[in-house]
Amino acid sequence: FLSSWFHDLPSSDFYLAGITGTNGKTTTAHLLHQIWQLDHVDAGLIGTVGVAIGEDHYPATRTTPESDVLQNILSVMQERHMRAVAMEVSSHALALHRVDGTHFRAVGFTNLSQDHLDFHKTMENYYQAKRELFKAEFADHAFINVDDAYGARLNDEVSIPTSTLSRTSKKAHWHYESITPQSHGYAVNIRGEGGVLIEGATHLNGEHNLDNLLLAVAIANHSGVDPLVIGNGLSRLTGAPGRLESIECGQNFTVLVD
């Protein structure tokens, strides 16, 4: 709170989206950041692979920086007139209060599976750490993947406005009307709140990336990106470096770095 106060509450000056979950944080944040860039929005990124402020990139030592470093980064983004920032929020950061004093316009939940129990000791502790982000003191709106059992539970427990997401159920606010496998990726029709329909094709590999894409698209739409811009840009989106990353050097076989 002191770090945030010292830097004059920088997170309140732009659309800050926080992504949490065991898997998918990095890819979802990267996809969201790319969508903003395709819409010519000055955007920032904070996460495992590094920090991006506009066109400048810096290395990262933690998924979510320590509180004083985080608020300093957000302050620089404020000074550089970023309009939107995608940020990975780890369970360690929440348990250790690194993001206290930070406010998010939207927060997203990907999934929860066994990890970090050396720190959290139990899955319940791990879940409760993630759950902290979905409170009014942190966020205005939640986007939750309810295909995940912990996501379904979280959706029942949060009190802030919530949008549900599902790859398999058309009852969710955001879901796939159709998914058609192609030689490189999928052709997709995404249905969103208010009857929004986003059509396009993605070159991302793996069904788990369809979950990541759906979350990024939903938050991008919430932030004000036109659905037509999103649909036209789907084929231009790439995953995060080192996350099922396709390497093309003219070879006649597939190379993936994960």
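Two strands pair if DSSP finds at least two bridges between them. Keep that in mind, because this talk starts with bridges. One caution: the model is predicted.

Take strand β8, residues 162-166. How does the chain get from β7 to β8? The path runs through helix α7, residues 149-157, and this β-α-β crossover is right-handed.

β8 also pairs with strand β9, residues 174-182. That pairing is parallel too, over two bridges. S166 has H175 in β9 as its bridge partner.

Is β8 buried or exposed? Five of its five residues are buried. T162, T164 and S166 point one way. S163 and L165 point the other way.

Now the cores. In soluble globular proteins, nonpolar side chains tend to be buried together. The largest nonpolar core here has 38 residues. Which members touch the most others? They are W36, W174, V217 and I219. Several elements supply at least two residues each, among them β1, α2, β9 and β10. Helix α8, residues 207-222, gives the most, with nine residues.

Look at V217 up close. Set aside its neighbours within four places in sequence, and V217 is in contact with I35, W174, I190, I198, I230 and L234.

There is also a second, separate core, of 31 residues. Its members include V99, Y127, A139 and I144.

Key:
Residues numbered from 1 in each chain as written. Predicted model: local features only at pLDDT ≥ 70, side-chain atom pairs only at ≥ 80, totals over all residues. Heavy atoms only, no water. Buried < 20%, exposed > 50% of the residue type's maximum accessible area, 1.4 Å probe, protein only. Helix = DSSP H or I, 4+ residues; strand = E, 2+ residues; numbered from the N terminus. Right-handed = clockwise from strand over helix to strand, strands pointing away. Core = buried A, V, L, I, M, F, W, Y, C linked by side-chain atoms within 4.5 Å. Contact = heavy atoms within 4.5 Å.
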